[in-house]
Amino acid sequence: MEGQDEVSAREQHFHSQVRESTICFLLFAVLYVVSYFIITRYKRKSDEQEDEDAIVNRISLSLSTFTLAVSAGAVLLLPFSIISNEVLLSFPQNYYIQWLNGSLIHGLWNLASLFSNLCLFVLMPFAFFFLESEGFAGLKKGLRARVLETLVMLILVALLILGIVWVASALVDNDPASAESLYDLWEFYLPYLYSCISLMGCLLLLLCTPVGLSRMFTVTGQLLVKPAILEDLDEQIYIITLEEEALQRRLMVGLSSSVEYSTMELERELENVKTLKTKLERRKKASAWERNLVYPAVMVLLLIETSISVLLVACNILCLLVDETAMPKGTRGPGIGNASLSAFGFVGAALEIILIFYLMVSSVVGFYSLRFFGDFIPKKDDTTMTKIIGNCVSILVLSSALPVMSRTLGITRFDLLGDFGRFNWLGNFYIVLSYNLLFAIVTTLCLVRKFTSAVREELLKALGLHKLHLSNTSRDAETSKPSANGHQKAL
């Protein structure tokens, strides 16, 4: 009987492993297909040749798609775990959700950590060096020469990074043994390196997310139709039409006189006028409920989500000061499916998921709003593979740090699983407290600056200081340039 029970247990374990592997494969296949369509939408079509470079581009495209799929998986990891916990808590004995268990959740966290490391340290550097390689001088040109050069570059970069991490760990750690041996490479140095990368990703989120939270109002306003208050759209369309006709006549004169530079400028200006005319016509055709209900409702919803995020961070700061279990690397919870992580049950879990997605979208918007990363913005059908690789790496760093940031700020109480919860800096009280304080302060300052920009502009004009350009609101689309919804202050 004992032998039969042991065989039955092995069979159940085997079937469980096969089922979990199949689920993980199907989920990743869906993410890979979606990522492939996203990248091919922005990839430059002129890169599609039928030669050696075409093969290199296809390989780099596949690696970039894999990385973007891993990034999407890292973003969905925490929301999927939260909703799984609530589903298992609500339906503990349901036959149709037996596949959803703690083993599957832990496996997904471990795979996300493994693939994030693989993409960040191996696949993306290989794709970049392979794309830029030409083969060593004196060797026969071809794919083998390019692969050889890429592998040599990877080995050199790995040795350089390993040396930097070894020196940094020796300076931080007072134990002489850590500076004398490299035998614990896999157990210490690689986790230490990934911990540093995670900290850098969280610092990048700390910089991007407050900026993105303030920019979300501008970006959303450009995508929606604003209410036409004290505006005559028919008059604006009439003026734009006259300006379009005048530019077309000037363009005809420019073509007859063969002035190339002024012709290019006129064509660009005519294109902008046509775009503005189209968006003004869209505003005119929009229904009353779309103009007067959707836009205010969305703005109020954004304001509520931002306020709740800042309020949760403030509450988390108080919890950190009085309760040690509020630390991200504190005591482990009761486990998946044993207790709800929110005092409001399923509603609280849904709110946490919404806030996590909102913070991710805000961080991406803030990342592309920063001047240093402004050139990274992909363009439809006109983005090189090098820029695609840079975007994939940036999104991977942001998405990998999202679960850590969400737990550090107290947005959710779900414990970090796998390697995500083993970062050394998560147990440092001063780092975690400083991170929460900086996030709350910077976010509040960005929002105050956003909502008081119009008042500051009017005060500067009243004092006659507007010519000194003391207020920098050009990036918020408050100038006379046409916005995405056709609204223009000065025609």
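**Helix α10 and its neighbours**

Author: Let's start with who touches whom: V75, L76, L78, P79, I82, I83 and E86 in α2 meet F346, A349, E352, I353, I356, F357 and M360 in α10, where contact means heavy atoms within 4.5 Å. Helices here are DSSP runs (H or I, at least four residues), numbered from the N terminus. Bear in mind that this is a predicted model, with local features needing pLDDT of at least 70, side-chain atom pairs counting only at pLDDT 80 or more, and totals for chains, interfaces and linings using all residues. Residues are numbered from 1 along each chain as its sequence is written, and side-chain values use heavy atoms, with hydrogens and water left out.

By class, the α2–α10 contact has twelve nonpolar, no polar and two charged residues (Ala, Val, Leu, Ile, Met, Phe, Trp, Tyr, Cys and Pro count as nonpolar, Asp, Glu, Lys and Arg as charged, the others, Gly among them, as polar). The axes of α2 (residues 52-90) and α10 come within 10 Å and cross at roughly 175°; axes are lines fitted to C-alpha atoms, for helices over the stretch in contact, and angles run from 0 to 180 degrees between N-to-C directions. That makes α2 roughly antiparallel to α10 (over 145 degrees; under 35 is roughly parallel, 65 to 115 roughly perpendicular, the rest oblique).

Now for α11: the axes of α10 (residues 346-369) and α11 (residues 385-408) come within 11 Å, crossing at roughly 140°, so α10 is oblique to α11. On the α10 side the contact includes I356, M360 and F367, and on the α11 side I395, L398 and L402 are among the residues involved. This contact has nine nonpolar, five polar and no charged residues.

Conventions
Helices (H or I, at least four residues) and strands (E, at least two) are DSSP runs, numbered from the N terminus.
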